[in-house]
Amino acid sequence: QAKKSGRNQFELYHNELHINDKQTLLLENALRKAIDCNELQLHYQPQMNTQTKQICGVEALIRWKHPEMGYVSPGKFIPIAEESGLIIPISDWVLRQACEDLKKLHLDYPHLKMSVNISSIYFQQADFMKRLQSTIEAANIHPRLFELELTESTIMPNAEQSIARLVKLKKFGLKIAIDDFGTGFSSLSYLHRFPIDILKIDQSFIKHLSSYEDDASIVTAIIKMAHNLRLQVIAEGVETEKQCKFLQKQGCDYVQGYYVSKPLPLAELYEFLETWNQC
Ligand code: C2E
Ligand code: MG
Ligand code: MG
Ligand code: MG
């Protein structure tokens, strides 16, 4: 956990330090053209129910392939998009694309859910709710098939305002997940004041599950407390059978990670689902 928050702090510092840096400006200018030039894509990572072994949902993860630079990781360009305001049109695009793809998937997999990452900048826009609602309604998709992933750092600073916003999202029918759970500083009991449905245990805890007893204890405690608070739990970054078995034994509801599948382009997701459901 120390390592994770340390890294986040470094990234923040790093971004501030180099905000006028040549590479940042270069990326910002390139990113400005990315939507119109069709350089953005969504990949989808399956989420598996540990009891039924069925794929219940997918998480949309953005990919940017620049014609010369090749793939630029979201860890690199999302902060630049947030600093420059480009995160707004990019997030609009992500939602539209996710809706379009879910609509297709829905024909063959009517219960499949779609998780989308929401930047704090986007969440805090005055017209956030309107943008989201109109996109989902335009696509004619039931909101219950959508899950929004927010981090603790998105909802904590303005707790009262966030709660009001989340209540509206819930009324509309959306599911709310807390991403990277455990890397912030909020206690579960405090978090329970927020109308959320699911906790995503951060992958940093999963990584050392078998080598650090402390991480195993933390994971077990998160699952227990979350269930007592009537929240569901998903573990991210699950890479091995051993990790998956442990999580299943502890009652973790879902797992996501390379053990099940890496994030896939839509066409490959179809192939994956077809084979998976024949198992
Ligand atoms: P996240 O939402 O926590 O996503 C999980 C990250 O872990 C993804 O990295 C995913 O590819 C990676 N991952 C999945 N399974 C495994 C595994 O088994 N092992 C390891 N080592 N890694 C795994 P990615 O795609 O590079 O995304 C990084 C972050 O960028 C995301 O973290 C999310 O915060 C942000 N992001 C991605 N797509 C979007 C988007 O459409 N909008 C916004 N606002 N942020 C996004
Ligand atoms: Mg996420
Ligand atoms: Mg995460
Ligand atoms: Mg993350």
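A polar contact is a pair of N or O atoms within 3.5 Å; within protein, one atom must be able to donate a hydrogen and the other to accept it, and residues adjacent in sequence count only if both atoms are side-chain atoms. The model is predicted, with local features requiring pLDDT of at least 70, side-chain atom pairs counting only at pLDDT 80 or more, and totals for chains, interfaces and linings using all residues. Residues are numbered from 1 along each chain as its sequence is written, chains are lettered from A and ligands numbered from 1 in the order in which they are written, and side-chain values use heavy atoms, without hydrogens and water.

**Exercise 1.** Describe the surroundings of ligand 1.

*Solution.* 
Step 1. Ligand 1 is surrounded by 21 residues, where a residue counts if one of its heavy atoms lies within 4 Å. The closest are Arg63, Asn117, Asp179, Glu239 and Tyr258.

Step 2. For Gln45, a polar side-chain atom is 3.0 Å from a nitrogen atom of ligand 1.

Step 3. Of the 800 Å² of accessible area that ligand 1 has on its own, the protein covers 80% (Shrake-Rupley method, 1.4 Å probe).

Step 4. Two or more residues of the shell come from each of β2 (55-66), α3 (74-84) and β6 (175-181); β2 gives the most, with four residues. Helices (H or I, at least four residues) and strands (E, at least two) are DSSP runs, numbered from the N terminus.

**Exercise 2.** Determine whether His43 is buried or exposed, and identify its contacts.

*Solution.* 
Step 1. His43 belongs to strand β1 (residues 40-49).

Step 2. The relative accessible area of His43 is 10%, so this residue is buried (under 20%; exposed is over 50%, partly exposed in between; 1.4 Å probe, protein chains only).

Step 3. Beyond four places in sequence, His43 touches Glu59, Ala60, Leu61, Arg63, Pro263, Leu264 and Pro265, contact meaning heavy atoms within 4.5 Å. Although His43 and Pro263 are 220 residues apart along the chain, their C-alpha atoms are separated by 5.4 Å.

Step 4. The side chains of His43 and Gln41 form a polar contact of 3.5 Å.

**Exercise 3.** Identify the residues of the largest nonpolar core that touch the most other members.

*Solution.* 
Step 1. A nonpolar core is a set of buried Ala, Val, Leu, Ile, Met, Phe, Trp, Tyr and Cys residues joined through side-chain atoms within 4.5 Å.

Step 2. Among the 84 residues of this core, Phe146, Leu169, Leu199 and Leu247 touch the most other members. Helix α4 (residues 87-108) supplies the largest share, ten residues.
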